[in-house]
Amino acid sequence: SCLFFFVLYNLFGEDAMIYLVNAGSESVNVVGGKAKRLGQMISVGLPVKGGMVISTSEVDEILRCGRVSTAMTDKISGFLNVDVVEFAVRSSAVDEDGAKSWAGQFRTELFVNRNDLVRKVLDCALARDSDAVKAYAATSCTNCSALALVIQEMVRADTAGVLFTQDPRNGARGGVAVIEAVHGVGESLVSGKREPHRYYID
């Protein structure tokens, strides 16, 4: 039944995967909030690593079947840059950073090599139905957000950070921007595992 659905989907449905550079012009319901914003950043010339998006419909198919189909695996392989050796698999939920933040609820996989990529895509897709996500949805009185995934070239950063236009500790908007930064990649910062260096810019 999953194979039958996949054939119908590719005959009559939207293109399952989208280059990240084009995601900014796609509906957020197709590519999710993160992919759309990354695509918009690329379109204005910001230095964002390229990649691809697995659409919300394709993630739904993975969840329905409990696996990444052979045809889907072939599509992923066809999108990959042969010169890239490590990837990040990132969640891109439709409702992320909206009325509810969904911060830290979905799964991100970093430093993924080619041989593990399909398995990590499956892990990130299945995380949408995790107990943590369901509990967050129930506590927030909302439904589980539809989910897309971003596969992007991994950056081995020396330093990473987040820029806030209001103080994240108290919500104050006093014309002062706040930068929180850590050594290495930003995952330990956004997950709250490390105390960042903090800078105030007025």
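These legends accompany several close-up views of a predicted model.

**View 1. A salt bridge between Glu 153 and Lys 49.** Here the closest N and O atoms lie 3.7 Å apart. The two partners come from distant parts of the chain, 104 residues apart: Glu 153 sits in strand β5 (residues 147-153), and Lys 49 in the loop between α2 and β2. Glu 153 is partly exposed, at 29% relative accessible area, and Lys 49 is partly exposed too, at 36%.

**View 2. Lys 120 meets Glu 109.** Their side chains form a salt bridge, with 3.6 Å from N to O. Lys 120 counts as buried because its relative accessibility is 16%, and Glu 109 counts as buried at 12%. Look around the pair as well: Arg 107 and Asp 123 join Glu 109 and Lys 120 in a network of salt bridges.

**View 3. Asp 129 and Arg 128 side by side in a salt bridge.** The N to O distance is 3.5 Å. Asp 129 is partly exposed, with 34% relative accessible area, whereas Arg 128 is buried, at 16%. In total, the structure holds ten salt bridges.

**View 4. A nonpolar patch on the surface.** Met 41, Val 44 and Leu 46 make up this patch, and together they have about 270 Å² of accessible area. Met 41 belongs to helix α2 (residues 28-43) and is partly exposed, at 33% relative accessibility.

**View 5. Phe 111 and its positive phi.** Although Phe 111 is not a glycine, its phi is about 55°. You will find Phe 111 in strand β4 (residues 109-113), where its 33% relative accessibility makes it partly exposed.

Conventions
Residues are numbered from 1 along each chain as its sequence is written. This is a predicted model: local features need pLDDT of at least 70, side-chain atom pairs count only at pLDDT 80 or more; totals for chains, interfaces and linings use all residues. Side-chain values use heavy atoms; hydrogens and water are left out. Helices (H or I, at least four residues) and strands (E, at least two) are DSSP runs, numbered from the N terminus. Buried means under 20% relative accessible area, exposed over 50%, partly exposed in between (1.4 Å probe, protein chains only). Patches are made of residues with over 30% relative accessible area and no salt bridge: like charges are joined within 9 Å, nonpolar side chains (Val, Leu, Ile, Met, Phe, Trp, Tyr) within 5 Å. Accessible areas come from the Shrake-Rupley method with a 1.4 Å probe; for residues, only the protein chains shown count as cover. A salt bridge is a side-chain nitrogen of Lys or Arg within 4 Å of a carboxyl oxygen of Asp or Glu.
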